[in-house]
Amino acid sequence: MTAAAPRLVVDLDSGVPPWRQVRDQLLGLIAAGHLTVGAQLPTIRQLATDLGLAAGTVARAYRELETAGVLHTARRRGTLVAAIPAAQSQTALATLAADYATRARALGADLDTALAACRAAYTHQEHRQ
Amino acid sequence: MVLVTSTVLVLSAVVVGVVRPPGGAGLLRRWGIVELDGDKARTASRYLRERRVLTLVVMVPALVVVSTLWVNVSTYELLSEASMYLVLGSVLVSMLVAEWWAGLRRPQASTRVAVLRRRRVSDLVPTYALVLYLAMTALAIAADVAGSVVRPWAQRMLQRSPPPAERERPFLAGDLYRDLAAIPPDWPFLAGTAACLAAVAGVVWLAVTRPMATEDDRVDAVLRARSARVAVGLGTALTATITQAALARLRPQSFLFVQGAPDWVTTAGTALYWVTVLVWPLGIVIWIWVTTPPRRRLARTP
């Protein structure tokens with residue numbers, strides 16, 4: 001069994017424009033790792049047909065994500081995930097940092113000690129690579 | 001009209017009697033979906049019912065037209081080659097209409113679901129099936145073109161050398177000129193091959209691009225794959241029938257007795273005979289093979 005493909009759900013009664021729902025859900029799926037860099041997305045026409053939306057609606061969501069550098073459209077390969085969205089990765093990093101700070105503080109480490117440990121972990125991983 | 005009436009009765013019985021939710025469940029089970037519920041069975045039943053009703057809608061008028069136009073055609077002839085064109089062609093056309101109809105259907109609920117996987121032809125039809133179908137199409141076209149090239153050549157050969165005397169070739173002498181002169185043009189075979197190719201390509205393309213039949217992507221994938229594979233299988237069988245007819249029209253046995261014909265004509269005639277004999281059974285075998293659900297492959301389908 002291969003992994004199930006991620007799904008996209010659009011609620012027309014939610015009050016949020018459909019193109020924004022498509023854009024936000026794609027961003028969320030990419031940030032959460034459900035769609036990895038290089039993953040191929042459906043064509044605009046296929047997604048619009050399946051969701052019962054106008055092609056322009058899906059095209060707008062794709063265009064916004066292309067402008068943000070998250071998606072890339074190549075002629076032969078179609079639309080691909082190009083990068084993890086910067087804002088989303090910043091948020092994820094901030095969450096990790098907060099978690100690390102909480103745990104380091106619980107161990108009684110001050111800021112310099114925590115930063116030194118983090119730097120040492122980075123250096124160690126770079127040496128291993 | 002007896003044939004038409006009996007066909008209508010049989011098809012009506014099929015349409016009314018078979019397509020209930022258990023029929024849909026059976027279809028899905030054969031295609032590797034074991035976790036069945038009422039919704040999945042109903043979706044598959046609707047899929048089957050639509051296609052069978054449309055087959056009836058297309059086939060019955062075609063039968064009436066054919067039996068009206070060909071009043072003098074014997075039942076045997078109507079049941080043989082012509083009926084293959086009629087039945088396979090009607091099913092193919094009805095599949096095309098059904099996929100087009102399904103493509104017009106848009107989701108009505110306010111909450112809509114899509115799967116983020118790009119659909120391709122290769123997801124629905126294995127490459128070997130497409131290659132076999134295209135090879136059969138190429139053979140049909142080659143046979144049609146060869147017919148249009150060889151027949152004038154054979155006629156020239158015949159005009160140069162008189163036919164053998166009746167006492168020498170009692171069965172062939174009289175037939176030789178008549179056969180060659182009576183053969184109708186090749187273009188209907190070419191047109192039939194092209195129409196079949198267009199219909200198969202249309203069904204496959206619509207099976208890839210139409211909206212999801214259900215939110216369950218496995219059921220949806222099965223119904224798409226079935227449509228595409230049945231179309232390619234039917235197309236192969238129909239093209240094999242056309243190919244056989246086109247090859248038979250080359251009538252190698254006539255050319256064999258043309259005086260002064262090169263030796264290779266005899267060899268080519270023998271080879272052509274065997275290809276003519278085998279091409280139709282081969283088409284039927286490919287049809288069954290392509291249309292049979294691929295259990296192991298579907299078991300891996302998400």
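User: In what order do the elements of chain B run from the N terminus on?

Analyst: Helices (H or I, at least four residues) and strands (E, at least two) are DSSP runs, numbered from the N terminus. Read in that way, the elements of chain B follow the order α-α-α-α-α-β-α-α-α-α-α-α-α-α from the N terminus on, and chain B has 13 helices and one strand. The model is a predicted one, in which local features need pLDDT of at least 70 and side-chain atom pairs count only at pLDDT 80 or more, while totals for chains, interfaces and linings use all residues. Residues are numbered from 1 along each chain as its sequence is written, and chains are lettered from A and ligands numbered from 1 in the order in which they are written.

User: What share of the residues in chain B is buried?

Analyst: A residue is called buried if 20 or more other C-beta atoms lie within 10 Å of its own, exposed if 12 or fewer do, and partly exposed in between, with the C-beta atoms placed from the backbone. In chain B, buried residues make up 35% of the 302 residues.

User: Is Ala25(B) partly exposed or buried, and which residues does Ala25(B) touch?

Analyst: Ala25(B), which has its place in helix H2 (residues 21-30) of chain B, is partly exposed because 19 other C-beta atoms lie within 10 Å. Two residues are in contact if their C-beta atoms, placed from the backbone, lie within 7 Å; leaving aside residues up to four places away in sequence, Ala25(B) touches Leu36(B), Ala41(B) and Ala44(B). For the chain as a whole, 82% of the contacts in chain B between residues at least 6 apart in sequence join residues at least 24 apart.

User: How many residues of chain B are in contact with chain A?

Analyst: There are 18 residues of chain B in contact with 25 residues of chain A. On the side of chain B that touches chain A, the largest share, five residues, comes from strand E1 (residues 111-115) of chain B. For classes, Ala, Val, Leu, Ile, Met, Phe, Trp, Tyr, Cys and Pro count as nonpolar, Asp, Glu, Lys and Arg as charged, and the others, Gly among them, as polar; by this scheme, that side of chain B has eight nonpolar, three polar and seven charged residues.

User: How many bridges join E1(B) to the strand of chain A?

Analyst: Two strands pair if DSSP finds at least two bridges between them. Here five bridges join E1(B) to strand E1 (residues 7-11) of chain A, and the two run antiparallel, with Leu8(A) standing opposite Ala114(B). Within chain A, four bridges join strand E2 (71-74) to strand E3 (residues 78-81), again antiparallel, and these strands form a hairpin with three residues between them.

User: At what angle do helix H2 and H3 of chain A cross?

Analyst: Two packed helices are described by the angle between their axes and the distance between the axes. Axes are lines fitted to C-alpha atoms, for helices over the stretch in contact, and angles run from 0 to 180 degrees between N-to-C directions. The axes of helix H2 (residues 44-51) of chain A and H3(A) come within 8 Å and cross at roughly 125°. Angles under 35 degrees count as roughly parallel, over 145 as roughly antiparallel, 65 to 115 as roughly perpendicular and the rest as oblique, and H2(A) and H3(A) are therefore oblique to each other. The residues of their contact divide into seven nonpolar, one polar and one charged.

User: At what angle do helix H1 of chain A and H3(A) pack?

Analyst: Helix H1 (residues 18-31) of chain A packs against H3(A) at an angle of about 45°, with the axes 8 Å apart, and that makes H1(A) oblique to H3(A). In this contact Pro18(A), Trp19(A), Val22(A), Arg23(A) and Leu26(A) in H1(A) meet residues of H3(A) including Thr57(A) and Val58(A).

User: Where is Gly69(A) found, and is Gly69(A) buried or exposed?

Analyst: Gly69(A) lies in the loop between helix H3 (55-67) and strand E2 (71-74) of chain A, and Gly69(A) counts as exposed because it has 11 C-beta neighbours inside 10 Å. Not counting residues up to four places away in sequence, Gly69(A) touches Ala82(A) and Ala83(A).
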